[in-house]
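Please examine the sequence and the three-dimensional model shown here.

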Amino acid sequence: MREKELRFALICYGGISLAVYMHGITKEVWRLAAASRAFHDGAPQQGSGAVYGELLTAIAARSNVRLRVLADIVAGASAGGINGIFLARALANGQSLDPLTDLWLDSADVDKLIDPDARPLSAATKFWAVPIAGWMMKKRGNVIDRTVGHGAQDEVRAKLSRFVRARWFEPPFGGETFANLLLDAFDAMEQGPRGPVLVPDGQPVDLFVSVTDFAGHSVPLALNSPARVTEDEHRLMLHFREDSRTGARLDDVPGLTAAARATASFPGAFPPFTLRELDRVLAKREIDWPGRDTFIRTQLPATAEGDPADRVLIDGSVLANAPFRPAIAALKQRPARREIDRRFVYIDPKPDYRSISFGKPAATEEARLPGFLPTILGALSEIPREQPIRENVEAIEGMSRRIRRMQHIVDAMKVEVEEQVAALFGSTFFLDTPTVARLEKWRAKAQDQAAARAGFAYAPYGHLKLSAVIEELASLIDRLLPPEGAVHQANRRLALWDEARARGLDRISGKKGAGASGDAIAFFRTHDLGFRIRRLRFLARELDTSVEATRDGRDPVCEDMREAIFTALGLYLDRQGDAWLAGLDLPADAGPGDWIDAVAARRDLTAIDGQADTLIAAALAAMPKDDRRTLLLAYLGYPFYDIATLPLLQGEGFDEYDPIKIDRISPSDATAIRTGGAAAMLKGIEFNSFGAFFSRAYRENDYLWGRLHGADRLIDIVASSVGGDKGLSAEELKAIKRRAFHAILDEEEGRLPKVAGLIAELRGEIG
């Protein structure tokens, strides 16, 4: 049975109190990942997890594909940033999101978020605001009458009164109060149940959290004249990673707390964040922060003046409410040990709902103009947050278009390449049993001939490969021995290029422009890790599409071949990680040549080539003659394909070699139970998206809908990974969704007493 991975890059939008709704969705993403792990481990599942297991089992039975579902890239802003942080930590270390639910329901409340110094001390506090607030709340047809259930109206009125009478001209919510709640959440996860890690071994988890640097920081910009200028940049992307290959961990709880506190510092509601605030909170809780200096060095931009701990950070959604770009960048050189279906899944809690009217069509021009306050509020908050993601979608589509074009080129070249390889070795060659010595000799001959027959086309290809290797070495050195600044980093890179030229690599082609020069061959033999990885991935795809596709069922010979390919691939992927190079015995003043030689010696790629040849040769020898011929043509012909396709991919060499799809999760898309979007189902959209902070019933409502909408859309997305004749029918999916919805209601009924009536309604609607 084929194995395939459905990988999510999850983008979580901001939404203020709709964070509770997004908690329900991210919790369902976590349950799906846990169910996938249990499905592959043969472990039992309960609740909606058991239904996801049924879904994966049904897909396997119908399509002969064992699907593994995981989320390995998470990016978020504001409320989405908080949920993304908790989800990424649960994925990376096996912690549970269940303990967070009670905290969201109990603590995401205006009475608990208001700063102690801002709480009304008596009924007379800001006495003049009392009659105004009372009149607004008691007026017939007011927003509370229209949107709040009768049983919760007194609660909302009381809390709204206290909120209105909080201090003016200062944020009503407390920064230290918020930081303490976040630390309580991390403690709850730490003390809660723990299961297995929800990503495969060696698979990194990347977390990106957008924040806004209030004062801005200077970034250099190269021009023609003047040669160098600086600009103020206010966007700031905090990056955390769990990666067993490099030793990186998502375990800096104070650093994650700083990110969560900063990204959700909604202007006017929460005070801006500085590390000083967190230092005070940690000191009161007697918590050490050994990684503080590392956090400052790696996450905050260096400044010439002032202490980085005084840098003022505010809500991440001010400038980057949909942080797609860092997630896109994280795709490069992503490990892939099987077929990949990559999805960008973004959570937008209210795509069709606007808190502020920007002017509606009317009979006259004057009637269409927004008023004074809507104009100011829209310019300061709503417009930046609602900026469309078209540019990000187009960037992803551009990547997918290049990959599709590359696949078309490979398909079109296939007959010609196979003819060239067959002519190169002779028709009887394919009858020979592959051995390690033969495979090494055949590979070398095929690579030399591909380079020679490419003619002048080899030079740009070779320089592109050289550039990729040098830039990879520069990044590697920067990670292992961080530079002292931007100038030091640039000088290091230039020194590496000078060393490459000194080694004769500026002349990449051989004599008379035919093939590769001897210097280039020697350099690529010891450093070109990317080519080896691309070749094995190509062989794996050829096994899937040209060999296994002809089988009616499971074939042990194909499974052994795949195991050999991915075991060999793992040898190279291990050497791609920083952990393999940790502890290189080089002085701080080592020159670029020393680094180049030391990295080559530690990786020892020529020795690994021998191990890979042993694995591939043994698996090929066991295959039927026709299948062996097909795979040998692909393996030995790969240099011809690479020369044609690497320039098309602009040297990026994506490991995930298939077009990328984009899916959305929102109230407007999850229509299996109800339609009407956020306005028809969510309570948190009221009071300019602060609504869920005013009522436990609001939060219970939104959290429940979050889980239901998450299940609805995730089932659709998983099922779409295996479509066509082998996909599940609409009726089968409808039945699976019905079981998932009832499982969620069964799990939550005891925890959500304020929405018992809604649960009863939903059971009737679901059927």
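Contact means heavy atoms within 4.5 Å. The model is predicted, so local features need pLDDT of at least 70 and side-chain atom pairs count only at pLDDT 80 or more, while totals for chains, interfaces and linings use all residues. Residues are numbered from 1 along each chain as its sequence is written, and side-chain values use heavy atoms, without hydrogens and water.

Helices (H or I, at least four residues) and strands (E, at least two) are DSSP runs, numbered from the N terminus. In α3, the residues G81, I82, I85 and R89 are in contact with V253, L256, A259, A260 and T263 of α10. The axes of α3 and α10 (residues 253-263) lie 8 Å apart at an angle of about 155 degrees; axes are lines fitted to C-alpha atoms over the stretch in contact, and angles run from 0 to 180 degrees between N-to-C directions. The pair is therefore roughly antiparallel, a term for angles over 145 degrees.

UniProt, in an unreviewed entry, places the feature "active site" at S78 and D315. Although these positions are spread over 238 residues of sequence, their largest C-alpha distance is 5.8 Å. Such annotations may be inferred rather than shown by experiment.

S78 lies in the loop between β2 (65-77) and α3 (79-93), and D315 in the loop between β5 (313-314) and α13 (324-329). S78 counts as buried because its relative accessibility is 3%, and D315 is buried at 0%; buried means under 20% relative accessible area with a 1.4 Å probe, protein chains only. Beyond its neighbours within four places in sequence, S78 is in contact with G14, T263, A264, D315 and S317.

Conventions: Buried < 20%, exposed > 50% of the residue type's maximum accessible area, 1.4 Å probe, protein only. Parallel < 35°, antiparallel > 145°, perpendicular 65-115°, else oblique.
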